[in-house]
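Please read this briefing alongside the sequence and the 3D view. It covers the overall layout, the core, the salt bridges and a surface patch.

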Amino acid sequence: MTAPDPVRAARALRGAAAAVLVLEGIAVLFVPRAIAQTAAGLGGVRLTILLVLAAVLLLASGIQRRPRGLEIATALQVPLLLTGLIDSAMWFVGGVFVLIWLYLLQVRKDLLGSPFAEPAAPPGDG
């Protein structure tokens, strides 16, 4: 099944990808609060890693209009999942977000024929 208007479908799916990335960034920002209450505590390195990851996720949401935006965001799913090494609850949260991301890529593949390729503009839109 392909979308009747692939350009419009691609735009909508980029918006959905950006929204998921924003939610991921917000979720990562909650991790320091949870870690601070553990016996290991929150060190400067852990805090820096989490804040940088949250910032990169939020910035990645803004580049979804760029040609490589979706590929960059897909690569960021790995460090998101690896936050489980910092706080075990993030294995679950990161896993849920990775599953949502994979579903989004599958929908994109179903509607556009490829999870990463941009659709060609219809004739006459040039």
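This is a predicted model: local features need pLDDT of at least 70, side-chain atom pairs count only at pLDDT 80 or more; totals for chains, interfaces and linings use all residues.

Residues are numbered from 1 along each chain as its sequence is written, and side-chain values use heavy atoms, with hydrogens and water left out.

**Overall layout**

- The protein chain has five helices and zero strands; helices (H or I, at least four residues) and strands (E, at least two) are DSSP runs, numbered from the N terminus.
- The order of elements from the N terminus is α-α-α-α-α.
- The C-alpha trace spans about 60 × 25 × 15 Å along its principal axes.
- The protein chain has 126 residues, and 34% of them count as buried; buried means under 20% relative accessible area, exposed over 50%, and partly exposed in between (1.4 Å probe, protein chains only).

**Nonpolar core**

- A nonpolar core is a set of buried Ala, Val, Leu, Ile, Met, Phe, Trp, Tyr and Cys residues joined through side-chain atoms within 4.5 Å.
- The largest such core holds 27 residues, and those touching the most other members are Leu21, Val28, Leu57, Leu80, Trp101 and Leu112.
- Two or more residues of this core come from each of α1 (6-36), α2, α3 and α5 (89-112).
- Helix α1 gives the largest share, ten residues.

**Salt bridges**

- A salt bridge is a side-chain nitrogen of Lys or Arg within 4 Å of a carboxyl oxygen of Asp or Glu, and the count by this rule is three.
- Arg14 and Glu118 form one of them, at 2.8 Å from N to O. Because Arg14 lies in helix α1 and Glu118 in the segment after α5, this pair ties together parts that are 104 residues apart in sequence.
- Glu118 also meets Arg108 in a salt bridge, at 2.9 Å from N to O. Arg108 lies in helix α5, so this pair ties together parts that are ten residues apart in sequence.
- Arg14 is buried at 19% relative accessible area, Arg108 is buried at 4%, and Glu118 is partly exposed at 40%.
- Arg68 and Glu71 form a salt bridge at 3.1 Å from N to O; Arg68 is exposed at 53%, and Glu71 is partly exposed at 30%.

**Surface patch**

- Arg8, Arg11, Arg65 and Arg66 form a positive surface patch; patches are made of residues with over 30% relative accessible area and no salt bridge, with like charges joined within 9 Å and nonpolar side chains (Val, Leu, Ile, Met, Phe, Trp, Tyr) within 5 Å.
- Arg65 sits in the loop between α2 (44-62) and α3 (69-75), and Arg65 is exposed at 78% relative accessibility.

How values were computed: Accessible areas come from the Shrake-Rupley method with a 1.4 Å probe; for residues, only the protein chains shown count as cover. Lys and Arg count as positive and Asp and Glu as negative; His and the chain ends are not counted. The place of a charge is taken as NZ of Lys, CZ of Arg, CG of Asp or CD of Glu.
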